Amino acid sequence: QVQLVESGGGLVQPGGSLRLSCAPSGSIFSIFTMGWYRQAPGKQRELVAAISSGGSTNYADSVKGRFTISRDNAKNTVYLQMNSLNPEDTAVYYCNAHLLVVIGTPPEDYWGQGTQVTVSS
């Protein structure tokens, strides 16, 4: 059973930085788009950033210029570098990846369990 394993969340002061990491556990054949979503209390889950297998990126307007998504294809890992964090960034951050696990089956979306990011003084 393939799972996405996230790490890097925590408590940080306003203006601080955190880096999130995510990689699939188990055997996979191919990874397509990977991304990060977040969900704050009482709000819908929203896309933060995504990166294609070719390296094209897409960001939510609220994080442009502060967050950077990247991936290491050799390690099957996606990263989210978050700088200049503010309290509005407080949320549970979820990793998402479009994976081909078994040849002959269609690629599917997988989600991590979420990691809490809290920005507070």
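Student: Is asparagine 76 buried, partly exposed or exposed?

Tutor: This is a predicted model, and asparagine 76 is found in the loop between strand E7 (67–72) and strand E8 (77–82). Buried means under 20% relative accessible area and exposed over 50%. With a relative accessible area of 31%, asparagine 76 is partly exposed.

Student: What is the phi of asparagine 76?

Tutor: Most residues other than glycine have a negative phi. Asparagine 76 is not a glycine, and yet its phi is positive, at about 55°.

Student: How far apart in space are valine 63 and serine 84, C-alpha to C-alpha?

Tutor: Valine 63 is found in the loop between strand E6 (57–59) and E7, whereas serine 84 is found in the loop between E8 and E9. The two residues are 21 positions apart in sequence. Their C-alpha separation in space is 9.5 Å.

Student: Is valine 63 buried or exposed, and which residues is it in contact with beyond its neighbours within four places in sequence?

Tutor: The cut-off for buried is under 20% relative accessible area. At 1% relative accessibility, valine 63 counts as buried. Once neighbours within four places in sequence are left aside, valine 63 is in contact with Arg38 and Val48.

Student: What secondary structure does the chain have?

Tutor: From the N terminus on, the elements run β-β-β-β-β-β-β-β-β-β-β. The totals for the chain are zero helices and 11 strands.

Student: What is the radius of gyration of the chain?

Tutor: The globule rule gives 14 Å for 121 residues, and the chain comes close to that value, so it is as compact as a globular protein of that length. Along the principal axes, the C-alpha atoms fill a box of roughly 50 × 25 × 25 Å. The radius of gyration is 14 Å.

Student: What share of the contacts in the chain with a separation of 6 or more comes from residues 24 or more positions apart?

Tutor: Contact means heavy atoms within 4.5 Å. Among contacts with a separation of 6 or more, the share from residues 24 or more positions apart is 55%.

Student: Which cysteines form a disulfide?

Tutor: The rule asks for a pair of cysteine sulfur atoms within 2.5 Å, and the count comes to one disulfide. The sulfur atoms of the pair are 2.0 Å apart. The partners are cysteine 22 and cysteine 95.

Student: Which strands hold cysteine 22 and cysteine 95?

Tutor: The link between these cysteines is left-handed, with -85° about the S-S bond. The pair ties together parts that are 73 residues apart in sequence, because cysteine 22 and cysteine 95 lie in separate elements. Cysteine 22 is buried at a relative accessible area of 1%, and cysteine 95 is buried at 0%. The strands are E3 (residues 18–25) for cysteine 22 and E9 (residues 91–100) for cysteine 95.

Student: Which residues is glycine 112 in contact with, leaving aside its neighbours within four places in sequence?

Tutor: Glycine 112 is found in the loop between strand E10 (108–111) and strand E11 (115–119). At 9% relative accessibility, it counts as buried. Its contacts, with those neighbours left aside, are Leu4, Glu6, Tyr94 and Cys95.

Student: Is glycine 26 buried or exposed?

Tutor: Glycine 26 lies in the loop between E3 and strand E4 (30–39). Its relative accessibility is 58%, and the cut-off for exposed is over 50%. Glycine 26 therefore counts as exposed.

Student: How far apart in space are valine 12 and valine 119, C-alpha to C-alpha?

Tutor: Valine 12 lies in strand E2 (residues 10–12) and counts as buried at 11% relative accessibility. Beyond its neighbours within four places in sequence, the contacts of valine 12 include Thr118, Val119 and Ser120. Although valine 12 and valine 119 are 107 residues apart in sequence, their separation in space is 5.0 Å.

Methods: Residues are numbered from 1 along each chain as its sequence is written. This is a predicted model: local features need pLDDT of at least 70, side-chain atom pairs count only at pLDDT 80 or more; totals for chains, interfaces and linings use all residues. Side-chain values use heavy atoms; hydrogens and water are left out. Helices (H or I, at least four residues) and strands (E, at least two) are DSSP runs, numbered from the N terminus. The radius of gyration is taken over C-alpha atoms; the globule rule is 2.2 Å times the number of residues to the power 0.38. Buried means under 20% relative accessible area, exposed over 50%, partly exposed in between (1.4 Å probe, protein chains only).
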